[in-house]
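Hi,

Here is the structure I promised to pass on to you. Have a look at it first, and my notes on what turned up follow below.

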Amino acid sequence: MSRSTLIPFGPQHPSFLEPLNINLRLDEERVVGAEINYGYNHRGMEKALAADFRRSIYLCERVCGICSFFHSTVYCESMESMFDVRVPDHARYIRAILMECQRITSHSLALAHTAEAMGYESLFMQLFREREPVMRLLNDITGNRVHFSMNTIGGVRRDISPEQRKELLSTMDGLEQRFSVLAGVFRKDATVKRRMVGKGVLTKDNARTYAVVGPVGRASGIAQDMRQNNYQDLDFRPIVRDEGDSYARSMVRVDEIFQSIGLIRTAIGLLKEGPLNVPAKGNPTGETFARVEAPRGELFYYIKAMGKVELDRVKIKTPTIVNVAALTAMVPGCEMPDVPVITVSVDPCICCTER
Amino acid sequence: MSMLRTVLRNLVSGPVTLKYPNAPANIPEGNRGRLDWDMEKCILCGLCQKRCPTLAVTMDKNMGIITLQVHRCISCGVCAEVCPKSAINVGREYSAPSYTKALRVYEKDMSKEKEKEGTGPSDAEKGSETQT
Amino acid sequence: MSGNANSEAIEKIRDMERSGSMRLVTITATDEGDGVMELIYVLDRKGELLTVRSHCRWEDELESLSSLYKGAENMEREIIDLLGARFDGIKGGLFIEPGSGIVTPLRKENKDVQ
């Protein structure tokens with residue numbers, strides 16, 4: 001006769017950066033069930049974003065710290081389709097370059113956090129050292145390390161000067177060379193493989209039922225990436241694996257960093273001079289949907305406006321809200337010390353989820 | 001084996017951290033830091049107050065005083081872009097931290113507007129920090 | 001189960017699923033005033049967005065989509081918390097702590113709730 005124990009993997013835990021509660025049901029040392037609660041970080045952003053549509057450009061970046069430029073871009077894209085203006089090509093390429101730079105910083109932070117959850121602290125520090133030149137370069141181009149404030153309705157506010165383009169290319173060269181050494185550690189190290197291969201498997205049927213997006217979905221065989229619609233002239237193909245375990249998720253992120261470096265080089269080659277933004281006058285009317293591929297998945301905005309300065313309804317759907325719910329299907333069957341590594345390999349961003 | 005090279009490199013070089021604010025900070029060129037108003041050029045039109053996203057700028061047109069709540073300012077630079085006389089200067093260094101919610105007050109000498117003839121221009125700009 | 005206000009929307013989603021597999025993107029609800037609420041289901045098939053809409057009142061009991069897609073449960077919990085709808089078999093309490101004094105902040109009549 002066996003009894004099961006209920007252990008709260010609480011809101012405060014040393015291996016999570018943000019509050020998330022998982023109640024585990026254990027049988028000796030194996031996990032047989034899990035239940036996920038969040039909601040400790042709710043700030044009421046949807047109500048605050050509906051107050052004034054011009055102030056919301058700077059407020060919607062502050063929903064999340066690590067994917068802030070993606071929120072700003074998708075808000076401006078949906079307002080531009082409501083005003084019916086077309087952004088100049090120069091501004092679109094600048095937005096693409098900055099998005100890929102922020103994707104590199106986000107994926108290297110996710111890989112470093114995974115290494116730290118396994119206890120491999122020196123790999124964590126090396127990855128942060130590689131991330132630092134990119135953050136400094138973004139500070140020089142946009143004016144701030146995290147919340148860029150580069151977007152406005154109709155385009156961007158600043159340009160990338162020719163010296164900054166040369167420095168961006170040389171930073172990318174150095175990053176590629178040093179990062180391939182660290183990627184080799186992720187691919188071949190025996191300890192890393194024993195803690196990640198075969199743990200936290202998400203099958204393709206479960207992935208479809210829980211509607212997962214992003215690297216979690218692409219590691220389970222669902223080949224969908226929003227960049228296929230947006231980057232038509234940059235020759236883009238999504239990276240897909242089909243094992244579905246933690247190792248596959250981390251390998252998708254490692255490969256995506258190399259892919260982003262290639263996309264930045266192509267986009268800088270296509271930059272020509274041109275206008276930075278077009279003016280948009282009046283008040284918005286109508287309703288739109290807009291999507292973009294954030295580092296963790298698909299980010300979706302729905303905005304409804306009635307012709308006044310206040311917006312009627314702003315709805316944000318962030319990728320973590322579906323990825324974290326899929327943890328209830330990934331966790332049963334493994335042992336209790338594997339649970340932090342599986343949770344961190346899903347890469348949750350709880351402040352995005354609870355806005 | 002590749003970590004051995006990193007270990008030797010770290011043994012030779014010193015720590016990377018700077019003891020800011022006792023040592024000067026290493027801030028890149030394009031950084032948006034502290035904002036300052038040049039009151040000689042300011043015509044008190046009020047556009048910076050209308051466009052500020054966090055409502056940090058307040059203006060009194062009769063007295064000619066612009067007040068900035070330093071803790072609300074996010075250094076976005078929208079006021080510097082819309083100012084018709086380019087009277088707002090975006091600096092590189094950050095505003096200093098403080099224990100209370102500081103206000104920064106800029107005054108324009110309104111008596112110069114009312115005089116038709118004057119002996120010479122007096123220095124009308126003053127930026128002072130006051131604690132509240 | 002007919003009789004719920006959004007049953008025909010859910011039947012339509014089931015038919016669309018049979019003719020080609022889809023992924024659920026989100027479930028959104030908007031307060032239109034006078035006790036009427038609009039519910040929008042957004043789905044994605046091969047990169048293209050499809051929407052199904054339905055109008056209902058606050059007091060209606062709505063059928064849940066979690067029998068078809070398990071990921072719909074958290075989205076419906078959020079609508080219960082912020083807008084005060086009722087879904088069959090789903091309980092709220094995700095974002096707003098019950099008993100805290102803040103109730104359904106996104107409805108039009110609660111415009112001044114901070």
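Before anything else, a term you will need: pLDDT is the predictor's confidence in each residue, on a scale from 0 to 100.

**Confidence in chain B**

The mean pLDDT of chain B is 76, with 82% of its residues at 70 or more. Within chain B, helix α3 (residues 78–82) has the highest confidence, at a mean of 87, while strand β6 (residues 127–130) has the lowest, at 48. Over residues 115–132 of chain B, pLDDT stays under 50. For that stretch the model has 24 contacts beyond four places in sequence. Where pLDDT is low, the predicted coordinates should not be read in detail.

**How the chains meet**

Which chains share the most contacts? Of the 2 pairs of chains in contact, that is chains A and C. Here 21 residues of chain A are in contact with 17 residues of chain C. On the chain A side, two or more residues each come from α1 (45–49), α10 (227–230), β7, β8 (311–317) and α12 (320–323). By class, this side of chain A has 8 nonpolar, 6 polar and 7 charged residues.

Chain A also touches chain B, with 11 residues from chain A and 10 from chain B. Helix α5(A) gives the largest share of the chain A side, 5 residues. That side divides into 3 nonpolar, 5 polar and 3 charged residues. Chains B and C, on the other hand, have no contact with each other, and their closest C-alpha atoms lie 16 Å apart.

**Helix α4 of chain A and its two partners**

Helix α4(A) covers residues 89–118 and α5(A) covers residues 121–142. Their axes come within 9 Å and cross at roughly 160°. An angle over 145 degrees counts as roughly antiparallel, so α4(A) and α5(A) are roughly antiparallel to each other. The crossing is left-handed. Among the residues that meet here are A:Leu98, A:Ile104, A:Leu109 and A:Ala112 in α4(A), and A:Phe124, A:Leu127, A:Val134 and A:Leu138 in α5(A). The residues of this contact comprise 14 nonpolar, 3 polar and 4 charged.

The other partner is helix α11(A), residues 246–269. The axes of α4(A) and α11(A) come within 9 Å and cross at roughly 155°, which makes these helices roughly antiparallel as well. The crossing of α4(A) and α11(A) is left-handed. The contact includes A:Tyr93, A:Ile97, A:His107 and A:Thr114 of α4(A), together with A:Arg253, A:Ile257, A:Leu263 and A:Ile268 of α11(A). By class it has 13 nonpolar, 5 polar and 4 charged residues.

**A hairpin in chain A**

Strands β6 (residues 285–294) and β7 (residues 297–306) of chain A run antiparallel and are joined by 10 bridges. They form a hairpin with 2 residues between them. One of the bridge partners to look for is A:Lys304 in β7(A), which pairs with A:Glu287. Strand β7 of chain A is also one of the elements on the side that touches chain C.

Methods:
Residues are numbered from 1 along each chain as its sequence is written. Chains are lettered from A and ligands numbered from 1 in the order in which they are written. This is a predicted model: local features need pLDDT of at least 70, side-chain atom pairs count only at pLDDT 80 or more; totals for chains, interfaces and linings use all residues. Helices (H or I, at least four residues) and strands (E, at least two) are DSSP runs, numbered from the N terminus. Two residues are in contact if their C-beta atoms, placed from the backbone, lie within 7 Å. Two strands pair if DSSP finds at least two bridges between them. Ala, Val, Leu, Ile, Met, Phe, Trp, Tyr, Cys and Pro count as nonpolar, Asp, Glu, Lys and Arg as charged, and the others, Gly among them, as polar. Axes are lines fitted to C-alpha atoms, for helices over the stretch in contact, and angles run from 0 to 180 degrees between N-to-C directions. Angles under 35 degrees count as roughly parallel, over 145 as roughly antiparallel, 65 to 115 as roughly perpendicular and the rest as oblique. A crossing is left-handed if the near helix is turned anticlockwise from the far one by less than a right angle, and right-handed if clockwise.
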